[in-house]
Amino acid sequence: MKRRFALAGTLLALVLGFGTLPAAATPSGTSPASTTAQAAPDISVTAVRAHLDELSAAAARNGGNRRSTTQGYRDSVAYVKGKLQAAGYTVTEQPCTSGCTSGAGPNLIAEWPRGDANSVYMFGAHLDGVSAGPGMNDNGSGSAALLENALTLARENPDMRNRVRFAWWTDEEQGLNGSYFYVRTLSSAERARIKAYYNFDMVASLNGGYFINHITSAAAAPMKAYWDSLGLQPEENTEGAGRSDDYSFERYGIPTSGYAMGASARKTSAQAAKWGGTSGSAYDPCYHRACDTLTNVNTTGLDRAADGIAYTLWQQAVGTGGGGGTCDPAGVVGNGGFESGTTPWTGTTAVIAAHSGRTAHGGTRFAWLGGNGSTSTESVSQTVTVPADCTRASLVFWLQIETAESGSRAYDTFTVRANGSTLATWSNVHAGGGWIQRSADLSAYAGQTVTVAFTATEDYSLQTGFLLDDVGLQSA
């Protein structure tokens with residue numbers, strides 16, 4: 001994980017359910033039984049640790065580290081690439097030709113060539129480390145867990161409904177440079193094909209906790225479902241916000257999530273009571289230090305992360321594990337970007353415009369609900385038909401909240417409803433952070449015609465504006 005002191009908005013949306021959940025909690029180190037048509041496999045933590053052994057050896061041969069500019073990194077790339085090629089992947093080394101540290105090695109990209117190429121789920125981890133040590137937790141752990149998942153997918157060779165792409169990034173420790181180069185050099189059409197990106201950075205911290213990026217988002221739902229099934233009570237990864245490769249994708253509006261077990265922040269007493277470990281001590285006592293060796297690896301946490309990756313991959317891309325192969329959410333929401341006037345939106349349609357002094361998330365127009373500073377209610381809605389095959393469907397949209405209110409009390413609210421039933425609510429408390437993609441679950445309405453409504457309600461003073469743009473339906 002790169003040492004970066006940036007804040008990112010925590011997604012606090014209420015997402016109701018997600019596909020078929022795993023079975024109830026099972027003993028540590030085992031996988032819950034999936035009730036989907038094709039259950040996710042158990043990932044061998046012994047195999048994951050064998051990959052870590054190889055990465056450690058690569059560091060030992062080359063000055064004790066795997067920094068992106070060193071032979072230790074290039075040997076790490078060669079090892080991962082060789083394993084993937086032997087498993088049948090076509091693997092691409094992508095040189096980072098701009099924005100990376102001089103002499104940095106390449107990104108490594110491997111795509112499983114089955115499933116819908118227009119619906120891609122990416123799983124990534126940075127392969128480089130810092131110069132201080134071999135980087136076994138940061139980030140040999142994420143890299144090794146990801147590699148064994150890729151190899152397991154190849155061995156299982158299940159029917160695929162969506163495409164899976166794996167990535168091992170260069171130069172993360174120097175500024176997220178490899179992943180940012182990758183995303184920014186994609187065409188807009190190629191970016192649009194990526195439905196979610198999952199990041200795995202430090203998933204074996206010795207004194208770690210169980211953290212999920214954007215834990216309440218639609219993308220995070222299968223990750224949370226798996227760890228919930230183990231009784232882990234995961235929390236939002238606030239320490240890692242903006243500090244790893246998922247941020248490169250977030251900058252281009254691609255939904256992201258991922259697992260982490262923590263870096264230099266200290267475990268609270270409540271977390272120690274919940275997860276074990278030592279309160280008041282860092283999650284990873286060897287973060288960016290020479291002691292980040294094979295002895296600095298939490299095998300139980302590594303196992304739980306590797307199995308959660310498999311569960312997420314199977315849920316999002318494999319066979320009939322939910323969603324179905326004929327779900328087509330494109331065009332379900334009409335004029336979701338508000339660029340074509342107000343039709344088919346109804347309600348307070350005067351809020352839809354190219355508002356002076358504010359920038360749309362996309363295009364020039366958006367809906368500005370609220371912002372009056374007086375008692376008021378404004379709403380826009382439209383009627384949509386959720387395709388019957390979209391058994392896992394989310395209403396996704398971009399929301400920017402700005403307020404003159406202060407404190408932690410919700411005075412002004414923004415509510416998402418379907419046929420009058422509340423799906424999610426935000427308020428002035430959630431202001432800040434610019435445009436943030438939000439979601440609300442519509443899975444219960446598959447095959448039905450439903451009226452979706454966005455409503456802003458303000459009290460008698462101090463304005464809160466809820467800016468809405470780029471509304472759509474997503475099949476997962």
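Author: The questions below concern the predicted model shown above. In this predicted model, local features need pLDDT of at least 70 and side-chain atom pairs count only at pLDDT 80 or more, while totals for chains, interfaces and linings use all residues. Residues are numbered from 1 along each chain as its sequence is written, and side-chain values use heavy atoms, with hydrogens and water left out.

Reader: How many helices and strands are there in the protein, and how are helices and strands defined?

Author: The protein has nine helices and 18 strands. Helices are DSSP runs of H or I with at least four residues, strands are runs of E with at least two, and the numbering starts from the N terminus.

Reader: What makes the protein as compact as a globular protein of that length?

Author: The globule rule is 2.2 Å times the number of residues to the power 0.38, and the radius of gyration is taken over C-alpha atoms. For 476 residues the rule gives 23 Å, and the radius of gyration is 22 Å, close to that value, so the protein is as compact as a globular protein of that length. Along the principal axes, its C-alpha atoms fill a box of roughly 65 × 45 × 45 Å.

Reader: Why is strand β8 described as largely enclosed by the rest of the structure?

Author: Buried means under 20% relative accessible area, exposed means over 50%, and partly exposed lies in between (1.4 Å probe, protein chains only). Five of the five residues of β8, residues 256-260, are buried, so the strand is largely enclosed by the rest of the structure. T256, G258 and A260 point one way from β8, whereas S257 and Y259 point the other way, and all are buried. In the protein, buried residues make up 58% of the 476 residues.

Reader: How do you know that strand β5 and β8 pair?

Author: Two strands pair if DSSP finds at least two bridges between them. Strand β5 (residues 194-200) and β8 have four bridges, in the parallel sense, and N199 stands opposite G258 in β8. Strand β6 (residues 211-212) pairs with β8 over two bridges in the antiparallel sense; there, the bridge partner of I212 is Y259.

Reader: Which strands stand at the edges of the open sheet of eight strands, and why is one side of each left without a neighbour?

Author: The order of the sheet is β1-β2-β4-β3-β5-β8-β6-β7, with mixed pairing. β1 (90-94) and β7 (235-236) stand at the edges with a single partner strand each, so one side of each has no neighbour in the sheet. Within the sheet, β2 (residues 107-112) is joined to β4 (residues 162-169) by five bridges, and the two run antiparallel.

Reader: What is the order of the open sheet formed by five strands?

Author: The order is β9-β12-β17-β14-β15, and the pairing is antiparallel. β14 (residues 413-418) and β17 (residues 449-458) pair over six bridges, and V416 stands opposite F454 in β17.

Reader: What makes strand β16 mostly covered?

Author: Six of the six residues of β16, residues 436-441, are buried. I436, R438 and A440 point one way, and Q437, S439 and D441 point the other way. Six bridges join β16 to strand β13 (residues 394-403), and these strands run antiparallel.
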